[in-house]
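Please keep the structure in view while reading.

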Amino acid sequence: MAFKILGISGSLRSASSNTSLLRACAAMAPADIEFSIYDGLDKLPYFSPELDTEQSTAPLTVADLRQHVQAADAVVFSTPEYAFGIPGVLKNALDWLVSSGDFTHKPTAVISASPLATGGEKAHASLVQTLTVMTADIREEYKLIIPLIRTKMNTEGALTDAMLEKTLVTLMTDLAAAKNASEDQH
């Protein structure tokens, strides 16, 4: 059975470098890894705890997001940095997932890519912090900050940097290996 990785981009832009990175992962995924990309961030309602209680059912779009996360063996986030933080749509999605417990010990990778030399390090740190509170399994080898992203891909969003390609494939195989090792221990 294929190892399932879900990619979630923090950007809604169709030409986003971060979304392009996830598309590259899907295209380069080894044969035993099924890499899919969630594309419904823009359809999620604003988070409200009153819409998500035992007495009320979460909106269908939220249930769909949760189902995607639950079905995944691992999750890869790739996000830009907006005003030194993660984009609001990504934070909104995470807020809907906090109480679900879907990230408890789930192998999770965090990528930030930016045209700036900082690589979106502040957004990266913020996302890691939020996911850590959600008890996601984020190891050092699952963290990737990519500065000057536009020098590593062409205008169509395809990767042109062989080292980055190798790093992304290694990231995916590390996620699969960690999950398999965890299952072997139980």
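Predicted model: local features only at pLDDT ≥ 70, side-chain atom pairs only at ≥ 80, totals over all residues.

1. Residues are numbered from 1 along each chain as its sequence is written, and side-chain values use heavy atoms, with hydrogens and water left out.

2. Helix H1 (residues 17-28) has 12 residues and reaches 16 Å from its first C-alpha to its last, close to the 16 Å expected at 1.5 Å a residue. The expected span is 1.5 Å times one less than the number of residues. Among the buried residues of H1 are Leu 21, Leu 22 and Cys 25; buried means under 20% relative accessible area, exposed over 50%, and partly exposed in between (1.4 Å probe, protein chains only).

3. Strands S4 (residues 108-113) and S5 run parallel and are joined by 4 bridges; strands pair if DSSP finds at least two bridges between them. Val 110 has Lys 143 of S5 as its bridge partner. In S5 (residues 143-146), Leu 144 and Ile 146 form the covered face, and Lys 143 and Ile 145 the uncovered one.

4. The rings of Phe 47 and Trp 96 are edge-to-face, because their centres are 5.0 Å apart and their planes at 85 degrees. Rings of Phe, Tyr and Trp (its six-membered ring) pair if their centres lie within 6.5 Å; planes under 30 degrees apart count as stacked, over 60 as edge-to-face and the rest as tilted. Phe 47 is partly exposed, at 31% relative accessibility, whereas Trp 96 is buried, at 0%.

Methods
Helix = DSSP H or I, 4+ residues; strand = E, 2+ residues; numbered from the N terminus.
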